[in-house]
Amino acid sequence: MAEDASKVAPHVYKVLFENERLRILDVTMRPGDNTDMHSHPDYFYYQISGGGKVKFTMPSGETAELDLPEGVSMWREAEEHATENVGGTTVRALFIEPK
């Protein structure tokens, strides 16, 4: 697996809370922001504000764009990717990672 998101992209991922059972990340991705390849464990995603469009690049080089409307939430399995905010708004989200 690639490096932890908060280490690779501290300009996007800020650790709000962490203990032996849980970690919560505050995610702020402005238009044009991008990250290098990084990994996430299984996590719950909640879009706080600024619905937008994010491009994901997988380790294979395959890409996908995902529209993230405000208020969307989803469970995500562990994954590796690089990201880029290709929309016109700042994406704000919380990632909740059980350990």
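## Leu 94 in strand β9

Leu 94 is partly exposed, because its relative accessible area is 25%; buried means under 20% relative accessible area, exposed over 50%, and partly exposed in between, computed with a 1.4 Å probe on protein chains only. The residue belongs to strand β9, where helices (H or I, at least four residues) and strands (E, at least two) are DSSP runs numbered from the N terminus. The model is predicted: local features need pLDDT of at least 70, side-chain atom pairs count only at pLDDT 80 or more, and totals for chains, interfaces and linings use all residues. Residues are numbered from 1 along each chain as its sequence is written, and side-chain values use heavy atoms, with hydrogens and water left out.

Although 68 residues separate Leu 94 from Asp 26 in sequence, their C-alpha atoms are 5.0 Å apart. Apart from neighbours within four places in sequence, Leu 94 is in contact with Leu 16, Ile 24, Leu 25, Asp 26, Phe 44, Tyr 45, Tyr 46 and Ile 48; contact means heavy atoms within 4.5 Å.

## The largest cavity

Rolling a probe the size of a water molecule over the atoms shows where empty space is left. On a 1 Å grid over the protein atoms alone, a cavity is a set of points where a 1.4 Å probe fits but cannot get out, and lining residues have an atom within 4 Å of a point. Grid points are joined across faces, edges and corners, and a volume is the space filled by probe spheres set on the points. The count comes to one cavity of 30 Å³ or more. The largest cavity holds about 180 Å³ of space. It is lined by 18 residues, of which Tyr 45, Val 54, Phe 56, Leu 68 and Phe 95 are the closest to its centre.

Strands β2, β4 (43-49), β5, β6, β7, β8 (79-85) and β9 (91-98) each supply at least two residues of this lining. The largest share, three residues, comes from β9. By class, the lining of the largest cavity has 14 nonpolar, three polar and one charged residues. In this grouping Ala, Val, Leu, Ile, Met, Phe, Trp, Tyr, Cys and Pro count as nonpolar, Asp, Glu, Lys and Arg as charged, and the others, Gly among them, as polar.

Val 54, one of the residues closest to the centre of the largest cavity, lies in strand β5 (residues 52-57). Val 54 counts as buried because its relative accessibility is 4%. Its C-alpha atom is separated by 6.8 Å from that of Gly 87, 33 residues apart along the chain. Not counting residues up to four places away in sequence, Val 54 touches Ala 64, Glu 65, Leu 66, Leu 68, Thr 83, Glu 84, Val 86 and Val 91.

Val 72 is placed in the loop between β6 (63-68) and β7 (73-76). Its relative accessibility is 23%, so Val 72 counts as partly exposed. Beyond neighbours within four places in sequence, the contacts of Val 72 are Tyr 45, Tyr 46 and Gln 47.

## Salt bridges

The whole structure contains seven salt bridges, a salt bridge being a side-chain nitrogen of Lys or Arg within 4 Å of a carboxyl oxygen of Asp or Glu. One of them joins the side chains of Arg 23 and Asp 4 (2.8 Å, N to O). This pair links distant parts of the chain, with Arg 23 in strand β2 and Asp 4 in the segment before α1 (5-8), 19 residues apart. Arg 23 and Asp 4 are both buried.

Glu 18 and Lys 99 also form a salt bridge (2.6 Å, N to O). Glu 18 sits in strand β1 (residues 13-18) and Lys 99 in the segment after β9, 81 residues apart. Glu 18 is partly exposed because its relative accessibility is 44%, whereas Lys 99, at 56%, is exposed. In a further salt bridge, Glu 79 meets Arg 76 (2.8 Å, N to O). Glu 79 is buried, with a relative accessible area of 15%, while Arg 76 is partly exposed at 23%. Salt bridges that share partners join Asp 4, Arg 23 and Glu 97 into one network.

## Asp 33, a buried charge

Asp 33 is found in the loop between β2 (22-29) and β3 (38-40). The residue is buried yet has no salt bridge, and Arg 30, the nearest side chain of opposite charge, is 4.6 Å away. Lys and Arg count as positive and Asp and Glu as negative, while His and the chain ends are not counted. Leaving aside neighbours within four places in sequence, Asp 33 is in contact with Val 12, Thr 28, Thr 83, Glu 84 and Asn 85.

Technical notes
1 Å grid on protein atoms, 1.4 Å probe; cavity = no way out; pocket = protein on both sides within 12 Å on 5 of 7 lines; lining within 4 Å.
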